[in-house]
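Q: Could you take a close look at the salt bridges in this one and walk me through them?

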Amino acid sequence: MRYIVCVPSNIDDWSTRHSVLTMARRTAALINVLDDDSADPAEVGDVLRAYGETDPIDLTTRDVAGMRTSAALLREVFAAGTIDGAAAGLNRLLQEHTGPLRLTSHRGSTPWHPHLDPDDEAPWDEWLLASSCMALTVLVWDRQRPPGRICSSLSCRHVFITQGSGPERHYCSRRCATRERVAAHRRARSAEQSSQNE
C-alpha cells in the first residue's frame, strides 16, 4: 500500500499562490488591466490581491504609470509568437531591466524565494518587470514554447498564458472565441447570400 505524505496547508497555500504558473497568470492579468489608460490604483491593487499579494498595497497614480510602462515591455514577450522570439525578448528585458538573482524571505515573512529586482523595497514598476521576467523565463525553460500570446480576436488586446493541457489556445476567453466564430459564420452566410443574388 502506498502512503501519501500530507503537506502542511500553510506551505501548500504559499507555494500554490506563488507558483510560477500563478505568477505568469498574474503578469497577464496586470498587463491587461494596465493596458487601459484609465486604470486606477484600486483596480491594479485588486489584481495584485487576487494573485496573492497582501495588504497594505499602497499604489499611487505614479506607481500605476510606471507599471504601465513595464507592462508594455512585457507585452512584447506575449506578441513574439515563437519560442525564439519570446526568449530573445526575455533576454533583452533581463539584461536591460533586472538585477542579479537573489533570494529573499522578506525579513522572515515568507519562505525563501528568488527575486530579480534590486531589493525588497523596489518600486512597483521594477518589481513587476523583474518578477514577471522570472516567471515567464521559467515557463519558457520548463515548457520550451512561448509562455503566452495576444488574443486572436481583432476586438481584443488581452494577453493570456497558453500553458496547460489540451489544444493550443488562440483566444483569451470562451467569449472571444465564440464572438469570432459567430462573426466568421455571419461573414460566410453573407458571402453565400451575395453569391446567390448575383
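A: Start with E121 and R107, whose side chains meet in a salt bridge at 3.3 Å, N to O. E121 sits in the loop between β2 (113–115) and α6 (124–143), and R107 in the loop between β1 (102–104) and β2, so this pair ties together parts that are 14 residues apart in sequence. Both ends are out in the open: E121 counts as exposed at 57% relative accessibility, and R107 counts as exposed at 71%. Keep in mind that this is a predicted model.

Salt bridges that share partners also join D35, R75 and R157 into one network. Within it, R75 lies in helix α4 (residues 61–79) and is buried, with a relative accessible area of 11%. Leaving aside residues up to four places away in sequence, R75 touches I31, N32, D35, I150, R157 and V159.

Then there's E53 with R26, a salt bridge at 3.8 Å, N to O. That one links distant parts of the chain, with E53 in the loop between α3 (41–50) and α4, and R26 in helix α2 (residues 20–34), 27 residues apart.

R49 counts as partly exposed, at 35% relative accessibility. Overall, the count comes to 12 salt bridges.

Key
Residues numbered from 1 in each chain as written. Predicted model: local features only at pLDDT ≥ 70, side-chain atom pairs only at ≥ 80, totals over all residues. Heavy atoms only, no water. Helix = DSSP H or I, 4+ residues; strand = E, 2+ residues; numbered from the N terminus. Buried < 20%, exposed > 50% of the residue type's maximum accessible area, 1.4 Å probe, protein only. Contact = heavy atoms within 4.5 Å. Salt bridge = Lys/Arg side-chain N within 4 Å of Asp/Glu carboxyl O.
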